[in-house]
Structure formats: structure tokens, C-alpha cells
Amino acid sequence: MIDIERSQRIDYIKKFDYILMGLVFLVTAIGLVFLDSAMYSAFKDHGVASMRIQIIGLIIGVVLSVVICLFDYGNLRNITLPFFLFNLGMMLLVFMPRIGIASGGSRSWIDLGVTTYQPSELMKLATILVLAKYLEKIQEDRMRNEYLIVILLAFFIPLGLVFVQRDFGMALTFMFVFFVMLFVGKIKFKYIAVMGALTCIAMPFIWKFYFNGVRRERFLAFLDPMAYEDSYGLQLIRSITAIGSGGLTGDGIGAGDMNMSGRIPVKLSDMIFAVISEEAGFVGAMVVVILFVLIMFRMIYISYNSRDIFGTCVAAGIFAMFFFNVFENLGMNVGIMPITGLPLPFVSRGGSSMVTNYIAIGLLLSISLRRRKGMFLR
């Protein structure tokens, strides 16, 4: 049946997922507006150069998403491992002197001269593709040792590297994506339970040997920010203050007192939602939240209606990636999640993040274009 569907000509204009792309464009547009406002007081040139890089990343991302959606995502099965190995090599470059860059306590970027690149962003998609390919093999065949080994290596190798890079937020993203894909891939519960138990067993060791110094203090500041109001709790306190000061409708774009005076720490990435809330108020913040909720539901819809197991797992992995990033970023802005440095997709500053996010959207568009026919499908 799938082979017949693949052989049929696709009406790209009719079947293109305008809903998903439209929602993503709306969030991106809102992000550019408030990012421009946040940049105005952050740079001597009022953010002109930085915004130029952001827009270039957006253009590259949009072009790649459209190109990717035109190709049959099923063909990606043939390049999952080479793509994974390529990104693995890029992640290793981070540790090379004069190439890798350390920032904010993490060593996660590569210096490209005019800008920087975070290899772990694209590595998330590489991991999703490998996991999807072998989860499909398990469903179509059975659990084989070689399948299990590839799945575990595809997860633990990048996870170990992001831990070494001291990027705990990215590590949490990999873990969340992994468990969601195992569930969607219908892996037997005993395997998921074992992985969950191993994670729980590892937590005390992570706390003892990984969360030392600054990271431990930051986590304790999340639990009791007022006890650290002059140090590690300052970022959270000021974020909550900015969100509260916005009231119902906000102070107006470019008129937020805390934004323009530079009193919101890391406002271009971690705390961009605080800027939105201060300048657009509760109404503007809820618009952003609702748009993200709609995007998430559309991703679930695409995953559920995929023509094959591979597409279902890829879409589910991308959903998990976005869901965790959005939930963690919004959560750390309002104090219900610890501050981990994860950006808000399509909104926070970051060219590599923007390109990766749109590549992921391109994969979803490809899956949506070739979805199975059924109820409520166009």
C-alpha cells in the first residue's frame, strides 16, 4: 500500500501543510519583533548586526524546510548513519582548541568566524532519524541485539558528549526525546522501565559529580531564589518581576522598563519570554503560548497520521524535541523549571537553532505531504 502511495504523484500545492507552516511563521514573526526590541539596548549598534545574522539563519532555514519537504522523507533511512556520524564529528570539534567556544559554563559551540554554530542542535535530528529507523525495524521484524545496540549507541554517545560539554539542558532534551520515541515506537515496557530505573540510579551520581560548584548553586537557587537573590537567583527573580510588571496588555513594544534598562539577564535567549510578557502583557504572552500549543497538536496529528512507522517515530521525536524546549524555556521564566539555558524555538536568538528548527519543520512537512488518507485529511 505504501509503495502505491509513493508512486502516486503528490499535489504539493493542495496537500502542503499550510496550518503548520502558518503557525510557525506567526511565532517566528513575533519572535523577531520582540528580539529586535531586546537587542536595541543590548548592543551599541542596537542589534543591527545580530539581527542580520538571525534573519540570514531564518532565510536559510525556510529554504531548507521547503526543499526538504519536497523530498520523500522515507529515503532518509539510507543516510541516517552517515548523517549521524557527520554530526558526531562536528560535536567532537567543539573540544578542539581555537575551534570550540565556551560560553555560559558550557563548551558547545564552534567558531565559524562571522558567527558560531552549535553542533548538538543538528545532532538531535540525527539521533531522531537513527532511532526512528531502528524502532521501525523492531516493529516490522522483532527485537534483535544489533537493533538494540544501535539504538543505545545512538542515544548514549551524543548524550555523553553533551554532558561532557556541560550542557545539561541539551542532555535533558536528548533524554526526553529518547523516552518519548521508545514509547511511540511500542518498545516493550520492560525495556523502558529498565532505562528509567538506570536513569534514576544515575541521578545521585550526577548530583555528586556533575552538579558541583556553579551548577549546584544554580539548582538550589531555583528551589529558593530569594536565598540567592544577589547571585544565582537574580535571573529568575528579575524574569518573574518583568512578567508581572507587564500586567494585562504590557508596556508596549520597545517600552519595557526592565528590558530597555538591561535588567533582564540573558534576555536574548533564556529570558526572551520575560521581554514578551513585559512589553505585550498577559495577552501577548498567552498568544505565544497558544500558538505553541497549536503547533504541538499539529505535530501530534502529523505523527498519528503518518503513512509508516518511520514517519510516525520521526514526527514524534521532533514533537518531543520542541515540546521539551518550549516547556522548559517557559517554565524557567516563571520559576517552575530550573534554568538550563534552553532557547525558545523560533524566538530566541541563535542562527544554528533557527536553521535546525526549520529543518525539523521541513521533515514534518514532508511527512504531512505523504500522510495516509483518512478522516479529517485533506
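I am working with a predicted model, and I began by listing which residues touch: Met 21, Phe 25, Thr 28, Leu 32, Leu 35, Asp 36 and Met 39 in α3 meet Ser 50, Met 51, Gln 54, Leu 58, Val 62 and Ser 65 in α4. When I sorted the residues of this contact by class, I found eight nonpolar, four polar and one charged.

I then looked up how the helices are placed, and the axes of α3 (residues 18-40) and α4 (residues 48-70) come within 11 Å and cross at roughly 170 degrees. Angles over 145 degrees count as roughly antiparallel, and α3 and α4 are therefore roughly antiparallel to each other.

**The cavity**

I searched the whole structure for cavities of 30 Å³ or more and found one; the largest cavity has a volume of about 30 Å³. Its lining includes Gln 54, a residue I had already noted in α4 where that helix meets α3. Helix α15 (residues 351-369) gives the most to this lining, with three residues, and by class the lining has five nonpolar, five polar and one charged residues.

**The second largest pocket**

I noted a volume of about 310 Å³ for the second largest pocket. Of the 15 residues that line this pocket, Val 184, Ser 303, Tyr 304, Thr 312 and Ala 316 are the closest to its centre. The elements that give two or more residues to the lining are α8 (168-184), α13 (272-304) and α14 (309-334), and α14 gives the most, with five. I counted the lining by class as eight nonpolar, four polar and three charged.

Notes:
Residues numbered from 1 in each chain as written. Predicted model: local features only at pLDDT ≥ 70, side-chain atom pairs only at ≥ 80, totals over all residues. Heavy atoms only, no water. 1 Å grid on protein atoms, 1.4 Å probe; cavity = no way out; pocket = protein on both sides within 12 Å on 5 of 7 lines; lining within 4 Å. Points joined across faces, edges and corners; volume = space filled by probe spheres on them. Helix = DSSP H or I, 4+ residues; strand = E, 2+ residues; numbered from the N terminus. Nonpolar A, V, L, I, M, F, W, Y, C, P; charged D, E, K, R; others polar. Axes fitted to C-alpha atoms, helices over the stretch in contact; angles between N-to-C directions. Parallel < 35°, antiparallel > 145°, perpendicular 65-115°, else oblique. Contact = heavy atoms within 4.5 Å.
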